[in-house]
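Here's a quick walk through some contacts, a cavity and a surface patch. Have the viewer open and follow along.

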Amino acid sequence: MTVAKFVIYSNLLFKVHASIDGGFVGTQTSGLAAPVLNHFLKNILNIFDGQIPVRVTDETLYFSTWMPPIPSQAYDRLVRSQAKNMIAQTLWKLGIPASTNPEQVTISITEECPNRCIHCALPDTKHKTSLSIPTIKDIIDQSVDMGATQIIFDGGEPMVYEGLEELVAHVPAGAISTVFTSGSGLTREKAQALADAGLYAVNISLDSPREDEHDRIRGREGVFKETMDAIRHSLEARLLVDIYVVAAPHNILDLDGFYDLAESAGVHELSFYEIVPTGRWFDREKDILSPEHHRLLDEFVERRSNGPVKVFSIPHVMKTTGCFAGRRWLHVTPQGDVLPCACIPLPYGNIHDEPLKDIWQRIQRTGIYRSPTCLMRDDAFRTEYITVSH
């Protein structure tokens, strides 16, 4: 039984609709240009087809915690941005330099954090630096002006930042705001305040479905309990909730355990990222997922994609899209340094010194950030660009 139909894309010659049937998304195309464009858009449409949305109402499709709701101003802007970025990518393949828009901007608002995760990507400067509220608001404004449709507040632990709700409320309707947290400090009152301020979703990190192992990786007893409490508080506040897992050799055998925990907790989405040799994991470039580990992840995603919790595997998406670092992703550190993404410790400028747009253009001109895979797992890139600066 079809519940609803939503317009994913529409112009005079081509339309894409998404329908929800039996809980799953299906796409249909129409229009004079459909026979031609269907071929070029196949990979994009495959992202939707057969997937479980995180929430559906009569008027709105919430496909993922990583995507603006459909319809919305933020989603319309994302579609326009992706169209521009697809054209730019095609031009680059033809040897013609072209700029893309940053679609997702992550702002590490503070270094402060009660945990000490063994794989934390944030360098240990020991200064516990934070960006000021006026500075962060300016970064948000510049990011959205450049085309960003998702503003992510990160840390450190952003829940310890005084004024997080004010920052969330500053994000305009043309973008969604999300937050990455360990759950530490995400009380019932905090969750409700963030929801009232307009927060779209919360990504809560989990390193193991077992309490003792999660606490070990996070470097502090009690973090697992705080994480589970934070999930409950966020759900009570009607926020979209994603459990975010950094898949690594030490937890790759726990994939089903993560899913079972996500289902029992009632979260909307379970996301997987692949561990990157950066930050505290920088010198462990061999401690990443092996081909056998990837096979296990592939098998898990195929087997669990039809369950009640949406599974979003970033390694799988990157097989189609390539890495977004410096192409659709941008990261700002607590010191104001601008990086291609949170995992590449290579600053191209500082927001205290020049406009964000100028720094983004500098990143674009390098021509480096068109990689099909994560550059921090590439020995040649690490040797030429990272090792000396690190």
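Arg218 has a relative accessibility of 7%, so it counts as buried (buried is under 20% relative accessible area, exposed is over 50% and partly exposed is in between, with a 1.4 Å probe and protein chains only). Its salt-bridge partner is Asp207, with the closest N and O atoms 2.6 Å apart. Asp207 sits in the loop between strand 9 (201-205) and helix 7 (211-218) while Arg218 is in helix 7, so the pair ties together parts that are 11 residues apart in sequence. Asp207 is buried too, at 1% relative accessibility.

A word on conventions. This is a predicted model, where local features need pLDDT of at least 70 and side-chain atom pairs count only at pLDDT 80 or more, while totals for chains, interfaces and linings use all residues. Residues are numbered from 1 along each chain as its sequence is written, and side-chain values use heavy atoms, with hydrogens and water left out.

How many salt bridges does a search of the whole structure find? The count is 21, where a salt bridge is a side-chain nitrogen of Lys or Arg within 4 Å of a carboxyl oxygen of Asp or Glu. Helices (H or I, at least four residues) and strands (E, at least two) are DSSP runs, numbered from the N terminus.

| Salt bridge | N to O distance |
|---|---|
| Asp207 with Arg218 | 2.6 Å |
| Arg216 with Glu213 | 2.8 Å |
| Glu285 with Arg382 | 3.8 Å |

Arg216 and Glu213 both belong to helix 7 and are 3 residues apart, about one turn of the helix. Arg216 is partly exposed at 46% relative accessibility, whereas Glu213 is buried at 15%.

The Glu285 and Arg382 side chains meet in a salt bridge at 3.8 Å, N to O. Glu285 lies in the loop between strand 11 (269-274) and helix 10 (291-304) and Arg382 in helix 13 (residues 379-386), so this pair ties together parts that are 97 residues apart in sequence. Glu285 is partly exposed at 29% relative accessibility, and Arg382 is buried at 6%. Elsewhere, salt bridges that share partners link Asp256, Asp260, Glu299, Arg303 and Arg304 into one network.

Now for the cavity. There's 1 of 30 Å³ or more in the structure. A cavity here is a set of points on a 1 Å grid over the protein atoms alone where a 1.4 Å probe fits but cannot get out, and lining residues have an atom within 4 Å of a point. The largest cavity comes to about 40 Å³, the volume being the space filled by probe spheres set on points joined across faces, edges and corners. Its lining is made up of Tyr273, Cys323, Ala325, Cys341, Cys343, Ile344, Cys374 and Leu375.

Out on the surface, Leu12, Leu13 and Leu32 make a nonpolar patch with about 420 Å² of accessible area together. Patch members have over 30% relative accessible area and no salt bridge, with nonpolar side chains joined within 5 Å and like charges within 9 Å. Leu13 is in the loop between strand 1 (2-10) and strand 2 (15-21), and is partly exposed at 46% relative accessible area.

Lastly, Val267 lies in the loop between helix 9 (255-265) and strand 11, and is buried at 5% relative accessible area.

How values were computed:
1 Å grid on protein atoms, 1.4 Å probe; cavity = no way out; pocket = protein on both sides within 12 Å on 5 of 7 lines; lining within 4 Å. Areas by Shrake-Rupley, 256 points an atom, 1.4 Å probe, with all protein chains shown as cover.
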